[in-house]
Amino acid sequence: MKAFSPSTSSTTSLLFFIITASNLLTNVNAGNIQLCAKTSHSNEPIQNAIVNCYDHDWFFDDDDFMTSGTTDQDGCVHLSYRNKSTRWYEPHKWWDEGTSTKPDIFCEVSGECLQPTNTNVKKKHNQNSLADFGTIFVEENNNFCGKGNWNGCGQRELPGWIQHAADSISGFQDQCNLHDVCYSNCDKTRTQCENEFRKDMFGVCNGDWSCEFLADLFHTGVTELGEDSCLADRKRVQCSDDGQNKCFQ
């Protein structure tokens, strides 16, 4: 009886099938992000929360947008993004302006009457694995109801390195967001916005002199340069002339 001996072609086909199946299994979660949002007070799932995800740029002014979506009835969202090349000879296609083959992923959760809340940063994340941020607890805040917008500590007048220092190191992001929406509040003078901003930042500092120094730096920046931003926001939300004039008070 002749022993069975697989042909070269059948062996090659089998090997190709195994490699293909392995790649498919590996890439099931490639380019995928998931998280769930709940209210911090009542622990209830948040439906229709807006989720924007970015590659955090540590040395450049702008974080690269990756993907966005809204949460379902269970408060969860599953998002996908386009993977980038990891080939050594294609650095122009890498993340972080060609400095890394792996993204530093974080997401912002926001929505009507919700305090914008960032996840932690998943540094040097493997694109072939799911970026699972678990459950993010978001505070309900009436200051974020309506037409206001925000961008963290990202006043256009300030350089990017200061913005990142405030967001990532000093913990002023919530205070900066509140300051942003204050500029869209037709009933408040700009002096009120700036004073509340400084008070809120000092509340976070808890007496730390280096933190208070940075807070004063930001307060001085918006006091001296924030007039145009305030006026632009008041016009955007269609404040009356009286509301716009409060930017000069």
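Residues are numbered from 1 along each chain as its sequence is written. Because the model is predicted, local features need pLDDT of at least 70 and side-chain atom pairs count only at pLDDT 80 or more, while totals for chains, interfaces and linings use all residues, and side-chain values use heavy atoms, without hydrogens and water.

The chain has an average pLDDT (the predictor's confidence in each residue, from 0 to 100) of 81, and 79% of the residues reach at least 70. Over residues 16-27 pLDDT stays under 50, and the model has two contacts (heavy atoms within 4.5 Å) beyond four places in sequence for them. Where pLDDT is low, the predicted coordinates should not be read in detail.

Strand S1 pairs (at least two DSSP bridges between the strands) with S7 (residues 131-138) in the parallel sense, over six bridges. Here alanine 37 lies opposite isoleucine 136 of S7. S1 also runs antiparallel to S4 (residues 76-80), joined by five bridges, and cysteine 36 is opposite cysteine 76 of S4.

Helices H3 (residues 173-183) and H6 (residues 227-236) pack at about 60°, their axes 8 Å apart. Axes are lines fitted to C-alpha atoms, for helices over the stretch in contact, and angles run from 0 to 180 degrees between N-to-C directions. H3 contributes Asp180, Cys182 and Tyr183 to the contact, and H6 contributes Ser229, Cys230, Asp233 and Arg234.

Technical notes
Helices (H or I, at least four residues) and strands (E, at least two) are DSSP runs, numbered from the N terminus.
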